[in-house]
Amino acid sequence: MAGSRRILTAELLSIGTELTVGETRDTNAGELARSLTDLGVGVGRIQAVPDDLAVVTTAFADALERVDLVVSTGGLGPTPDDLTRESIAALAGEKPTIDPALEIWLRRLWSRRGMPFPEMNLKQAWLIPSAMALPNDNGTAPAWWVDRPDGRIIVALPGPPREMRPIWTEHVLPRLRDVGAGRDIAHRTFRLAGIGESQLADMLGEELLRARNPIVATYARADAVDVRVSAVGSDAGRDGAPARSLVDTAAQRVLELIEPYVWAEGETTWPEAIGAALDARGWTLACLEVGTGGSLGTLLGDRPWLTFTESLTLGAPGASAHEGGRTMAGLEALLRPAMVVGGAAVGVGVRCRPRGDDTAVSVVVVSPDDVHRERRQVFLGGANGRSRAGLAAAAVLLARLRSGVRRDGAVVAEGFSGERPAPAPRGRGRRCCPGRAVSDRHR
């Protein structure tokens with residue numbers, strides 16, 4: 001096992017022509033990159049290569065010139081176009097031979113099913129002198145751990161995720177920790193609603209976004225905009241400060257700028273955040289949508305606290321049966337029977353309709369405490385607008401669930417509000433940011 005080199009950098013190779021022609025989507029690389037980053041190993045490149053011996057061998061050789069660790073997935077099958085073993089052997093200048101223990105293990109896999117053993121599969125029992133086989137309990141392709149003379153490491157994993165993942169977590173990660181891979185690192189991620197990435201970048205400013213340690217970065221996700229604060233401590237930290245200290249200091253500064261928009265931290269999802277807020281009060285939820293294509297219900301998914309969901313088109317008779325169908329009162333009138341049918345303590349109603357090139361959204365939240373009405377305009381129309389309407393409704397709902405409302409009607413904020421009342425009267429001005437809302441609570 002390598003011990004003379006600190007394993008601080010890595011590259012990932014995804015091997016297989018099915019990847020480079022687009023027949024299969026590579027889900028392994030992102031998972032491995034996140035795992036290595038959490039370990040403190042920086043991932044410099046992720047590359048997909050076809051089943052070509054020269055190309056794969058060159059990819060391994062070039063990666064080993066740059067980094068301490070190369071992790072490959074794929075190319076460990078028994079067929080002639082599975083070339084990962086041949087490439088690593090060629091690079092090492094070693095000849096693969098059949099390992100007796102691996103051959104016995106492979107033959108038993110077939111014999112216990114009463115099937116003849118295909119001699120082609122003996123290729124999966126190959127080893128080279130510098131390689132150690134890592135067991136695969138979910139397939140027929142053992143992984144390889146290869147120690148290079150200069151202390152670099154190659155890890156070759158099977159491509160199917162159900163095979164790759166257990167080998168990685170049970171055998172590779174523990175060995176990487178044993179050889180002291182990675183640096184002291186830490187990170188915190190804040191999840192934001194009601195603000196675009198460019199607006200967020202303006203709010204944070206260049207000084208924060210251009211800093212190198214800690215690093216503050218923004219990411220536009222499908223369901224939120226994230227701000228990630230990460231740092232490397234120890235040898236790369238200022239004055240030897242630990243990574244957690246660097247991150248917490250920077251995170252406090254970031255929060256001072258963005259806190260009104262933060263609805264969660266880490267990898268929390270909308271269903272998790274809303275479910276936790278409901279569970280804290282022992283409430284259940286009913287959801288009624290008009291014109292959204294069911295975007296909010298799809299976002300929330302199948303949850304025990306979601307007791308009723310219904311989605312109507314804008315032209316459905318039921319959508320316009322109450323007070324013209326376009327008013328907040330009409331949306332509330334549709335929502336209340338849904339709450340009764342679902343036996344829910346809380347109801348959220350959302351209606352969206354085109355407004356120019358964007359989408360107008362109306363949200364009503366009915367709870368045992370009060371009735372909250374809010375209007376928003378979200379960016380783009382069509383399917384994009386409908387999807388954003390569901391996210392806007394989730395933000396309004398979560399804000400209300402996290403607010404304590406006294407009997408006199410005064411609101412006591414508890415964390416993320418997501419509400420930005422506009423000073424201009426409703427209908428004046430163009431508001432395309434989903435975080436900019438016109439409060440209609442008393443209308």
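Predicted model: local features only at pLDDT ≥ 70, side-chain atom pairs only at ≥ 80, totals over all residues.
Ala231 belongs to strand E11, which covers residues 225–232. Setting aside neighbours within four places in sequence, Ala231 is in contact with Asp184, Ile185, Ala186, Asn213, Pro214, Ala243, Leu246 and Val247. Take Leu246 from that list: 15 residues separate Ala231 from Leu246 in sequence, and their C-alpha atoms are 6.3 Å apart in space.

The peptide bond running from Asn213 to Pro214 is cis, with omega near 5 degrees. As for its setting, Pro214 is part of the loop that links helix H8 (206–210) with strand E10 (215–220).

Stepping back to the whole chain, there are 13 helices and 20 strands. Of the 443 residues, 49% count as buried. Among contacts with a separation of 6 or more, 64% come from residues 24 or more positions apart.

Next comes a pair of helices. Two packed helices are described by the angle between their axes and the distance between the axes. For helix H3 (residues 53–66) and helix H4 (residues 84–92), the angle is about 55 degrees and the axes are 9 Å apart. H3 and H4 are therefore oblique to each other. The crossing of H3 past H4 is right-handed. On the H3 side, the residues that meet H4 are Leu53, Val56, Thr57, Phe60, Ala61 and Leu64. The H4 side supplies Thr84, Glu86, Ser87, Ile88, Ala90 and Leu91. Sorted by class, this contact has eight nonpolar, three polar and one charged residues.

Strand E17 spans residues 371–378, and His372 is found in it. With a relative accessibility of 0%, His372 counts as buried. The side chain of His372 is joined to that of Glu374 by a polar contact of 2.7 Å.

Ser367 lies in the loop between strand E16 (358–366) and E17. At a relative accessible area of 16%, Ser367 is buried too. Not counting residues up to four places away in sequence, Ser367 touches Trp283, Ala345 and Val346. Along the sequence, Ser367 and Leu285 are 82 residues apart, yet from C-alpha to C-alpha they are 9.3 Å apart in space.

The loop between E17 and helix H13 (382–401) holds Leu380. Leu380 has a positive phi of about 75 degrees, even though it is not a glycine.

Conventions. Residues numbered from 1 in each chain as written. Heavy atoms only, no water. Axes fitted to C-alpha atoms, helices over the stretch in contact; angles between N-to-C directions. Helix = DSSP H or I, 4+ residues; strand = E, 2+ residues; numbered from the N terminus. Parallel < 35°, antiparallel > 145°, perpendicular 65-115°, else oblique. Left-handed = near helix turned anticlockwise from the far one by under 90°. Contact = heavy atoms within 4.5 Å. Nonpolar A, V, L, I, M, F, W, Y, C, P; charged D, E, K, R; others polar. Buried < 20%, exposed > 50% of the residue type's maximum accessible area, 1.4 Å probe, protein only. Polar contact = N/O pair within 3.5 Å; in protein donor to acceptor, adjacent residues only side chain to side chain.
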